[in-house]
Amino acid sequence: MNTSPPLPSGASARWLIAGALISLGLVIAAAWQYSYSWLLAAAAALGGLALLAVAGVVGRLERRYRAGWPAPTERAIRVGLALGGLWVIEIGVNNILAPPLPGRDIFDDVIWAAIALGILILAAWSAQQAGRFTAGLAAGVWSGLASGLAACATALAMIVFGMGFVARDPLNVVEWAERGAASGAPSLAAYLAGEMLAGAFLHLLILGLAMGAVLGVVGGGLGWIWRGLVRPRPPAG
């Protein structure tokens, strides 16, 4: 039974709902602007359904927790949103500043590692505090979802509002020259929109939700072991 004190109802959960719905609107706008094949339209539709599912699940829980969300869940969402800020920085740097290789890849790896480490530490700490493996798993899932949603929304916003920056990236221009004809895309912008749409949902589902679940399993296990090692033993008697 969770005895953690509740926090103000929906403070962070409503950010998830709003982020999912805003992202859904951006998906529709991106598909309207750049859709050129049934494959891209199908990817947009599936991604939109995933965002609707996120909004629906969190909204259902919001109604359940009207008196206040459990503190560990609220904490995990807040940490995930904070870590998602690192994805926002990474996406902005790559698509607006467009640093050259190999610096760009190194920067990406550092950001990815920092986010993964943050989720792992949170999961381990949550499991240790609660004395339950499942507390670490839940922390990993919620924080991963929140960070992935922040990244997804940022990537979609770049498609709709920042394509001018993206299309000027020398690496993207070279990629278009090498692969553009085979893709069937009518323009560089349409080609990049398809690539970035896939990347947005990769961040949401794989680098967000799935990575958070995996790190939640690892962190939950570590935290549960940690709790067992430091738990006071009764005196011999």
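This is a predicted model: local features need pLDDT of at least 70, side-chain atom pairs count only at pLDDT 80 or more; totals for chains, interfaces and linings use all residues.
**Gly-208**

Gly-208 counts as buried, at 0% relative accessibility. I placed Gly-208 in helix α8. Next I asked which residues Gly-208 is in contact with, leaving aside neighbours within four places in sequence. I found Gly-144, Leu-145, Gly-148 and His-203. I then took the C-alpha to C-alpha distance from Gly-208 to Gly-148 and got 3.9 Å. In sequence these two glycines are 60 residues apart.

**Overall layout**

I stepped back to the chain. I counted 8 helices and 2 strands. Reading from the N terminus, I get the order β-α-α-β-α-α-α-α-α-α. The C-alpha trace spans about 80 × 40 × 25 Å along its principal axes. The chain has 237 residues, and buried ones make up 45% of them. The exposed surface comes to about 12200 Å², with carbon and sulfur atoms supplying 71%.

**Nonpolar core**

I looked up the largest nonpolar core and found 56 residues in it. Which members touch the most other members? They are Leu-51, Val-58, Trp-142, Leu-156, Ile-159 and Met-163. I listed the elements that give two or more residues to this core: α1 (13-34), α2 (38-64), α3 (71-97), α4 (103-130), α5 (133-161), α6 (163-167) and α8. Helix α8 gives the most, with 14 residues.

I took Leu-51 as an example and skipped residues up to four places away in sequence. Leu-51 touches Ala-20, Ser-23, Leu-24 and Val-27, among others. Further along the chain, Leu-51 also touches Leu-149, Cys-152, Phe-201 and Leu-204.

**Surface patch**

I then looked for nonpolar side chains on the outside. One patch has about 1100 Å² of accessible area in total. Its members include Trp-125, Phe-133, Val-214, Trp-226 and Val-230. Which helix gives the most to the patch? Helix α8 (residues 188-230) does, with 9 residues.

I checked one patch member, Trp-224. Trp-224 sits in helix α8. Is Trp-224 buried or exposed? It is exposed, because its relative accessible area is 51% and the cut-off is over 50%.

**Helix α4**

I went through α4 end to end. Helix α4 has 28 residues. From first C-alpha to last, α4 reaches 41 Å, close to the 40 Å expected at 1.5 Å a residue. I listed buried residues in α4, among them Arg-104, Asp-108, Ile-111, Ile-115, Ile-119 and Leu-122. An α-helix has 3.6 residues a turn, so residues three or four places apart point the same way. The buried residues of α4 pack against α3, α5, α7 (170-183) and α8. Just after α4, I found Gly-131 with a positive phi of about 75 degrees.

**Salt bridges**

How many salt bridges are there in the whole structure? My search finds 4.

Asp-169 pairs with Arg-104, and their closest N and O atoms are 2.8 Å apart. This pair links distant parts of the chain, 65 residues apart. Asp-169 is in the loop between α6 and α7, while Arg-104 is in helix α4. Are the two partners buried or exposed? Asp-169 counts as buried because its relative accessibility is 2%. Arg-104 counts as buried too, at 9%.

Glu-74 meets Arg-78 at 3.3 Å, N to O. Both lie in helix α3, 4 residues apart, about one turn of the helix. I checked the accessibility of each end. Glu-74 is buried, with a relative accessible area of 0%. Arg-78 counts as partly exposed, at 40%.

Glu-175 and Arg-179 make a salt bridge at 3.8 Å, N to O. The cut-off is 4 Å, so this pair counts. Glu-175 and Arg-179 are 4 residues apart in helix α7, so about one helical turn separates them.

Technical notes. Residues are numbered from 1 along each chain as its sequence is written. Side-chain values use heavy atoms; hydrogens and water are left out. Patches are made of residues with over 30% relative accessible area and no salt bridge: like charges are joined within 9 Å, nonpolar side chains (Val, Leu, Ile, Met, Phe, Trp, Tyr) within 5 Å. Accessible areas come from the Shrake-Rupley method with a 1.4 Å probe; for residues, only the protein chains shown count as cover. Buried means under 20% relative accessible area, exposed over 50%, partly exposed in between (1.4 Å probe, protein chains only). A nonpolar core is a set of buried Ala, Val, Leu, Ile, Met, Phe, Trp, Tyr and Cys residues joined through side-chain atoms within 4.5 Å. Contact means heavy atoms within 4.5 Å. The expected span of a helix is 1.5 Å times one less than its number of residues.
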